[in-house]
Amino acid sequence: MAEVQLTESGLKELKDRLDYLKSVRRAEVAEEIKIARGFGDLSENAEYDAARKAQAEMEGEIVELENQIRNAKIIHAQVVTFLDIAKNKEETCTIVGTTEADISQKRISDESPIGKALLSGTVGQTVAVLLPTGKVKNIKILAKK
């Protein structure tokens, strides 16, 4: 698996989720399977099938989280304020690793076109960002923390 770039808080969230799945959710799913077995014939037991499916999905998530944690590279989140020149609108976002990106929380991936431009540019610089749509967005970097 390739390197996964995460902030320290992002790594903690993954570890917390893994701990929850292993210590709490596994026991819950095992109990669901046990109860479903009590309903009789397993070949026609929808509850049993659903519980087994939930178990498989959970175990898959555990493997994925373990791989991400094992291959984690810590990066430092960077808060950047910039001016969207076309909209004449000032915005602030946090540049984070790809797995932590969430546009609704203004958390932009360091691998996205805007994230790369904001990280590589300097305060006061205006950069042209080629968006996936083919359009160019001009932004001026106002501050970095």
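Buried here means under 20% relative accessible area, with exposed over 50% and partly exposed in between (1.4 Å probe, protein chains only). By that cut-off, buried residues make up 30% of the 145 residues in the chain.

The model is predicted: local features need pLDDT of at least 70, side-chain atom pairs count only at pLDDT 80 or more, and totals for chains, interfaces and linings use all residues. Residues are numbered from 1 along each chain as its sequence is written, and side-chain values use heavy atoms, without hydrogens and water.

The chain has three helices and seven strands. Their order along the sequence is β-α-α-β-β-β-β-α-β-β. Helices (H or I, at least four residues) and strands (E, at least two) are DSSP runs, numbered from the N terminus.

Helices H1 and H2 pack against each other. Axes are lines fitted to C-alpha atoms, for helices over the stretch in contact; angles run from 0 to 180 degrees between N-to-C directions.

| Helix | Residues |
|---|---|
| H1 | residues 8-37 |
| H2 | residues 46-70 |

Their packing angle is about 160 degrees, and the axes lie 9 Å apart. That angle makes H1 roughly antiparallel to H2 (over 145 degrees; under 35 is roughly parallel, 65 to 115 roughly perpendicular, the rest oblique).

The C-alpha trace spans about 70 × 30 × 25 Å along its principal axes. The chain has a radius of gyration of 22 Å, whereas a compact globule of 145 residues would have one near 15 Å. This radius is taken over C-alpha atoms, and the globule rule is 2.2 Å times the number of residues to the power 0.38.
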